[in-house]
Amino acid sequence: MKKSVLILASALPVTLSADPADYVNFIRQVQQDSGVEWDVTVPPSGHAISPTGVSVDGAFFELWSIHNTSVSEFLLDEQYVTAYTPNANIRIVTGDPYRAIRRTRVDQPFQVQITVTGLIDENDPNYATAPDASKWVDYTHSAFHYPEGAYSFQKVDNPVGSLMAEGFMEKTAKTTVTFMATNLSGSDLTKVTGEEVFTISAQADFGVSATVLDSEKVQIWPVATGTIRGTDPSEYYEQVPPIMVNLENLYPHSTTYIRVYEGPQTSSPAKYNVVNTSYVIIEDSIPQNRSLVIREVDQFVSEEGLHTIELLHRTPFGTDLLASTQVHVDRTIEINGGVINQE
Amino acid sequence: MNGLERIVLLLGIGAGFLGAVEPTPHGGENGSAKHIDVRPLPNHEEILKLQRPRDPGLRGRTVRLSDLQKPNLGDNAEKSAEAAKRRESLVKRSTIISGVRGWTIVPRGSVLSTPTRFKARMNGARKGKLVTWGDFYAKNSSWIRLLPVTIEQATGQKPLTEDFMESLKRTGLLVVAVCEGGPISVRLPVEGEELPRISEPVKAADWKVPSRR
C-alpha cells in the first residue's frame with residue numbers, strides 16, 4: 001500500500017447557478033483491490049492527505065457535489081491513481097528549429113524520442129497480480145495525407161490515415177526511432193503533404209478508457225520546385241533580358257534567390273554574384289508559391305562570355321538547386337566604316 | 001580642323017561611346033567566393049529508397065485522427081459497467097443516516113452496529129438538509145460512537161472479531177467505523193467467502209511517481 005502524500009483538491013463548479021454554500025462536497029476513495037470505500041468531506045476549496053494511500057491496483061477518487069435540499073448530484077471529477085502509473089513523453093526532432101509545431105520535408109530524416117517511466121518491472125513482487133496498465137503502454141504510429149492542394153485538415157471532418165506501426169513498450173526506458181524520410185506514400189513522394197502522428201497510450205483498466213499519455217505530430221512538407229524562363233542558352237545577348245521565375249512549394253522557412261557566375265555550371269564557382277532583387281524570403285507555417293520577373297540580372301554580369309544563372313533554395317536542411325540556365329553575353333560593338341583623312 | 005585633330009576627335013568620341021556601353025562593375029565588386037554546398041533536388045525514387053519498409057500485416061489498416069485522441073474503452077465489459085453504475089449516484093450507494101434536523105451519507109459498510117431504536121434513522125425518511133459528516137456528527141454525537149479502524153481491519157486482512165462486534169452492540173449506540181476522521185467501509189468476514197487479494201506493500205524506495213491518468 002502506498003502511503004504517499006496525495007493531495008485532494010475540490011472546487012465547486014462555477015456553472016452551478018445556486019449558492020455554493022448550498023452544496024455539500026464529498027471525496028470518495030474506492031480501493032480497487034479490496035473494494036473499501038472511504039469518505040472525506042471537504043470545503044468548497046481545500047485539500048487533504050489520503051491516509052489510506054493507494055495500492056498497486058489503484059483507487060478511484062471521486063469528487064461529488066450534492067445540493068443540500070434537492071439532492072441533485074454532480075460527479076465533478078474522477079481520477080484513477082495507482083502506485084504504478086506510467087508516464088510517457090514523446091519528442092520529435094527535425095532539422096527545422098521551428099517551435100510552434102514540428103515540421104520537416106519529405107526527404108529529410110527525423111527522430112522520435114520516446115521516454116516511458118513508471119512501469120512495473122518483472123522483479124516487482126506485485127507483477128503477477130498488477131493490472132496491465134502498470135506493465136506496458138501502447139505505441140501507435142500513423143500517417144495522414146492532407147487533401148490535395150490543402151495544407152491542413154481544416155475542412156476535413158475526422159480524417160482517416162494509415163496505420164504505419166503499432167506495438168507496446170514494457171520497459172521504463174528511452175527509445176529513439178529514426179526515420180530517414182517521411183512514411184507518407186504517393187505516386188510522387190516529392191509532392192506529398194501531411195502529418196505523421198505518434199501516440200503512447202496507457203491500457204484501459206477498471207472501466208477507465210485507455211488514456212493518451214502523450215501524442216506528437218510532425219508536419220511533412222513537399223520539395224520545392226522552380227523554373228527560370230526568358231533566356232535561350234543558344235542565343236547571344238548584348239544585355240541579359242528579364243527572366244521569369246516561377247516557384248512552387250517553397251519551404252515555410254526558406255530563402256530563395258538567383259546567383260550568377262561566369263562559365264559553365266559548376267558546383268563551386270570561384271566567384272559569383274547574388275541578384276539582390278531576387279530574394280524571396282518565406283517565414284510562414286505552410287509552403288508558399290511565388291512568381292516574379294527579375295530585370296536586374298544584367299547588372300550582375302560584368303564580363304562577356306558564357307554565364308550560368310542558378311535558382312537556389314536555402315532551407316534549414318541545406319541549399320537546393322531548383323533550376324539553372326546559361327546565357328551567352330556578347331557586348332562587342334562592331335562599327336562598319338572607315339576613317340577618311342582629307343587634306 | 002586638320003587631319004590630326006579629326007583623328008583625335010573621333011578617337012575621343014569613340015572612347016566616350018565605348019565607355020557608355022561598358023556595364024557598371026556592379027556585381028563584380030560585390031562578388032562572393034564563399035562556397036555554398038548546393039544539392040540537386042531529390043526525386044521520387046531516391047525518397048522511396050530512404051523510407052522504412054512497411055509492415056505487410058498493417059497494409060490497409062486505417063485509423064481516424066480522433067481515435068488517437070480518444071481511444072476506445074477497455075474490453076473488460078464487466079468492469080466498465082460497474083464503473084458506469086458507480087458514477088450514477090453517490091447517495092444511492094451510501095448509507096443514509098438521519099438526525100433531527102439534517103442527514104448525511106457514509107460509505108456502505110461503515111455502520112457496524114445499529115441498535116433497534118435507531119433503525120428508523122437508517123436509510124429512512126430524510127429530515128432537513130444534507131450536511132457533511134463532520135457537521136452531522138457534531139450535532140448527533142450523543143447517539144453515535146466512532147470506531148477508529150486500521151486499513152488492515154477495513155480491508156478484512158485483520159478482521160474485527162465476533163466478540164468485538166458483539167461488544168459494540170452492547171454499547172446501545174450507532175457505531176460508525178472511521179479512518180483518520182472519515183467514515184470507512186469495513187469488510188467483515190463472511191463464511192464461505194474468500195477475502196479479496198490485497199496488493200503487497202510497496203517499499204518507499206520503489207515508489208514510482210504518480211500522475212494523473
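In what order do the 6 strands of the open sheet stand? In this predicted model, the order is 8(A)-14(A)-13(A)-10(A)-11(A)-2(B), and the pairing within the sheet is mixed. Strand 8 (102-105) of chain A and strand 2 (62-64) of chain B stand at the edges, each with a single partner strand, so that one side of each is left without a neighbour in the sheet. On average, neighbouring strands of this sheet are turned by 35 degrees against each other, direction ignored. The link between the chains in this sheet is made where strand 11 (residues 160-169) of chain A runs antiparallel to strand 2 of chain B, the two being joined by 3 bridges. Within this part of the model, S162(A) stands opposite T62(B), a residue of strand 2 of chain B. Strands of a sheet pair, in general, through backbone hydrogen bonds, in either a parallel or an antiparallel manner.

Chain A as a whole contains 23 strands and 0 helices. Of its 343 residues, 41% are buried, and among the contacts in chain A with a separation of 6 or more, 66% are between residues 24 or more positions apart. The confidence of the prediction has a mean pLDDT of 85 for chain A, with 84% of the residues reaching 70 or more. Where pLDDT is low, the predicted coordinates should not be read in detail.

The largest nonpolar core has 53 residues, and those with the most contacts inside it are A88(A), I90(A), V106(A), I200(A), I258(A), V260(A) and V297(A). At least three residues of this core come from each of domain 2 (87-221) and domain 3 (225-329) of chain A. A second, separate core consists of 30 residues and includes I27(A) together with L112(B), F136(B) and Y137(B). In soluble globular proteins, nonpolar side chains tend to be buried together. Returning to the largest core, one of its residues with the most contacts is I90(A); leaving aside residues up to four places away in sequence, I90(A) touches V112(A), I114(A), F198(A), I200(A), D214(A), S215(A) and E216(A).

Two residues of chain A have backbone angles that deserve a remark. V71(A), which is placed in the loop between strand 5 (59-67) and strand 6 (73-81) of chain A, has a phi near 60 degrees, a positive value in a residue other than glycine. N249(A), which is found in strand 17 of chain A, likewise has a positive phi, near 55 degrees, and is not a glycine. As to their surroundings, V71(A) counts as partly exposed because it has 15 C-beta neighbours inside 10 Å, whereas N249(A) counts as buried because it has 22 such neighbours inside 10 Å.

In chain B, strand 8 (residues 174-179) is mostly covered, with 5 of its 6 residues buried. Strand 8 of chain B pairs in the parallel sense with strand 7 (residues 144-148) of chain B over 5 bridges, and in this pairing V175(B) is the bridge partner of R145(B). The pairing of strand 8 with strand 5 (residues 111-113) of chain B is antiparallel and runs over 2 bridges, with V111(B) standing opposite V176(B). Strand 8 is also joined by 2 bridges to strand 9 (residues 182-183) of chain B, the two running antiparallel, and here V178(B) has P183(B) as its bridge partner. Strands 8 and 9 of chain B form a hairpin with 2 residues between them, and E180(B) in the turn has a positive phi of about 50 degrees.

Two helical residues of chain B complete the description. L168(B) lies in helix 8 (residues 162-169) of chain B and is partly exposed, because 18 other C-beta atoms lie within 10 Å. Not counting residues up to four places away in sequence, L168(B) touches L112(B), S113(B) and V175(B). Although L168(B) and L112(B) are 56 residues apart in sequence, their C-alpha atoms are 8.0 Å apart in space. W133(B), found in helix 6 (residues 133-140) of chain B, counts as buried because it has 22 C-beta neighbours inside 10 Å. The C-alpha atoms of W133(B) and T104(B) are separated by 5.9 Å, while the two residues are 29 residues apart along the chain.

Definitions and conventions
Residues numbered from 1 in each chain as written. Chains lettered and ligands numbered in written order. Predicted model: local features only at pLDDT ≥ 70, side-chain atom pairs only at ≥ 80, totals over all residues. Helix = DSSP H or I, 4+ residues; strand = E, 2+ residues; numbered from the N terminus. Buried ≥ 20, exposed ≤ 12 C-beta atoms within 10 Å, placed from the backbone. Contact = placed C-beta atoms within 7 Å. Core = buried A, V, L, I, M, F, W, Y, C linked by C-beta atoms within 7 Å. Domains from an automatic or database assignment. Pairing = 2+ DSSP bridges. Axes fitted to C-alpha atoms, helices over the stretch in contact; angles between N-to-C directions. pLDDT = per-residue confidence, 0-100.
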